[in-house]
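Reader: I would like to learn how to read the features of a protein model. Could you take me through one?

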Amino acid sequence: FVVKNQHDQACIVKFDQKGYGDCVIVSADSNLNRYSTKLSTLPSLKSDPTQHQLFLPKVISGRIYVSLNKPMFLTVNSDNPNALTIPDPDGFKSRDVNYYTLYDKIEFTYNDHGTWINPTAVDFFSLPLGIIQPSSTSLTRAGFYQSSREKILNSFKKVLTIAGNKNSSTKLIWDKLLLNYSGKLTDKTDGNTLLRLMAPGKAMESLTPLSQNEPFDKNYLSNPKLGFNYIDKLWGYYKTHTVSIDCGELSGDPLAPHMNNYVLTGHVNNANQFVFDNGTADVPVVFSKPVSVSFFAGAEGSFNATNHTCRAIIVRELTSAFEVGLLPAPDKTLLNKNYFVSQKGCFYQDNLPMGPAAKLTGPWYDLYARAIHQVDSNGVVQEPIYAFAYDDALSQDGTLHDPNASDPGTATIILGVMTGTKFPDPTVDSQHYNLNITMGKNARGKYYPLIINGRSITPQQNPYILNNVTMPLKVNFDHQPVSIYIKHPMVLPDSKVNEGIVINDPKINVVTLSFPAPPNFDH
């Protein structure tokens, strides 16, 4: 349970024997692993020993991580000593210590106005988690819980093949969102298992040299190889058409600027800028041409925006319309929640204003979100769930809300059936390797201390050669014990310094391990 307490401090929740949680404020050197708890050790209900009950304190926001077969390993980011954070694991980066763990998360808030809790697939889907809260004033159920993980993932795959019916190149791009593991399993056999299905916006943001998988095409909406440039076509459409955005929710907001008219109408001008104006003396909102991630992730790139502004609302409405295939909208459309509700039957279909060329390619909406929201084949039943940052604007977010802050009703979290799921064991590796080990030095000529097989490595031995080595390689780096794995590249434990250890692809059975240089001060 990772939270921000009521003073906006990063905390981890510690539970007592009766299941009551307390926010423990973290420090830069906090060991968060000690707060990972097996479900079997939590207090059980007398009426049903298979159910476990916990009591949470009031917090600004929180994340509940559920992992199977092994615990999550979280760290404290101390880049800003005055604002410590506990970052979300990166499910797309193979060097993340949690990459090979099957895990998922739930988000929640509990404050003086009640509770809000929702499952989320904004970043990825891995586990079928559902929530039931009878006291919720709107929805009472959300997420996945009425079918097996295997059936849910199979239904996702069927939706992703829609792209292949149009354009094989497009299908290959969407297939990259399926992160598959191939290797040893925990039952000691060789096999495959699907780790998670990644959201395209998250996959684009995770483009790093350490990624094991090819990311989703960061130019998907403007790649000429796909036969259609969605962004150029959209910009051209709004040179001769308009769209209006209702920003009326800002009226009365003490943090928002006062305006004479809260309906802004936009078009693309001769400078290729999308300009939104309310027809008064108020300052217009101007956007330069965005990139693909701006649409898939929301509030990215030229769509970046600050809360309590018209710009933020315009970004929300435009990206939400794209998300479900409603952008461009017909001329003079007013985008707001009422419009999306009226068009719900048209979500995730070919957008006709884009013309015939678009129908032969694409899809030009978020196929991942379509998969998440249309899991209904093979008897799979699924309640609403966030698949996109602004799914609340589209009324398909799955947020449960109990306004009774003094005595909120119980929210029950359910894990769906895991039959057929196989668990990876990336630490098993019977291969022998020849290692070429290099050490980086800083501008002062200093190296991090490095000990391998009990032998201290000196600059005179750089590079250092090791032959016929088995994994894991046990080293002492910067005075800390480290385990390194080659077949499925991992460095354990995770730390800011260890992140800099590079495991290069083997060539002629030789693997290069590059250890980073320390900062430019004596170490």
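**A buried loop residue**

Reader: Where is the place of Asp425?

Author: Helices (H or I, at least four residues) and strands (E, at least two) are DSSP runs, numbered from the N terminus. Asp425 has its place in the loop between β18 (412-415) and β19 (433-439). Before going on, note that this is a predicted model, in which local features need pLDDT of at least 70, side-chain atom pairs count only at pLDDT 80 or more, and totals for chains, interfaces and linings use all residues. Residues are numbered from 1 along each chain as its sequence is written, and side-chain values use heavy atoms, with hydrogens and water left out.

Reader: Is Asp425 buried or exposed?

Author: Buried means under 20% relative accessible area, exposed over 50%, and partly exposed in between (1.4 Å probe, protein chains only). Asp425 counts as buried because its relative accessible area is 17%.

Reader: Which residues is Asp425 in contact with, leaving aside its neighbours within four places in sequence?

Author: Contact means heavy atoms within 4.5 Å. With those neighbours set aside, Asp425 is in contact with Tyr181, Lys184, Leu185 and Thr186. As for Phe108, its C-alpha is 31 Å from that of Asp425, and the two are 317 residues apart in sequence.

**Cores**

Reader: How many residues has the largest nonpolar core?

Author: A nonpolar core is a set of buried Ala, Val, Leu, Ile, Met, Phe, Trp, Tyr and Cys residues joined through side-chain atoms within 4.5 Å. Here the largest has 121 residues, and Trp174, Tyr220, Tyr230 and Phe276 are those with the most contacts inside it. Helix α6 (residues 310-323) gives the largest share of this core, seven residues. There is also a second, separate core of 25 residues, including Ile457, Leu466, Met471 and Ile501.

Reader: What is Tyr230 in contact with, leaving aside its neighbours within four places in sequence?

Author: Apart from those neighbours, Tyr230 has contacts with Leu221, Phe322, Leu327, Pro328, Met354 and Trp364.

Reader: How many cavities of 30 Å³ or more does the structure hold?

Author: Rolling a probe the size of a water molecule over the atoms shows where empty space is left. On a 1 Å grid over the protein atoms alone, a cavity is a set of points where a 1.4 Å probe fits but cannot get out, and a pocket is an open set with protein on both sides within 12 Å along at least five of seven lines; lining residues have an atom within 4 Å of a point. Grid points are joined across faces, edges and corners, and a volume is the space filled by probe spheres set on the points. By that count the structure holds three cavities of 30 Å³ or more, and the largest cavity has a volume of about 50 Å³.

Reader: Which residues line the largest cavity?

Author: Among them are Asp104, Lys105, Thr120, Phe144 and Ile385. Both β5 (102-111) and β7 supply at least two residues of this lining. Ala, Val, Leu, Ile, Met, Phe, Trp, Tyr, Cys and Pro count as nonpolar, Asp, Glu, Lys and Arg as charged, and the others, Gly among them, as polar. The lining of the largest cavity has eight nonpolar, one polar and two charged residues.

Reader: Where is Thr120 found?

Author: Thr120 is in the loop between β6 (114-119) and β7 (124-125). Thr120 is buried, because its relative accessibility is 5%. Not counting residues up to four places away in sequence, Thr120 touches Asp104, Lys105, Glu107, Ile385 and Tyr386.

Reader: What volume has the second largest pocket?

Author: About 1300 Å³. The second largest pocket is lined by 40 residues, and Thr75, Val76, Asp494, Ser495 and Lys496 lie nearest its centre. Its lining divides into 16 nonpolar, 13 polar and 11 charged residues.

**Backbone details**

Reader: Which residues does a cis peptide bond join, with omega about 15 degrees?

Author: That bond joins Gly362 and Pro363. Pro363 has its place in the loop between α8 (356-359) and α9 (367-373). Another cis peptide bond runs from Met471 to Pro472, with omega near 0 degrees.

Reader: What is phi of Tyr348?

Author: Phi of Tyr348 is near 60 degrees, a positive value in a residue other than glycine. Tyr348 is buried, with a relative accessible area of 4%. Phi of Asn69 is likewise positive, near 80 degrees, but Asn69 is exposed, at 56% relative accessible area.
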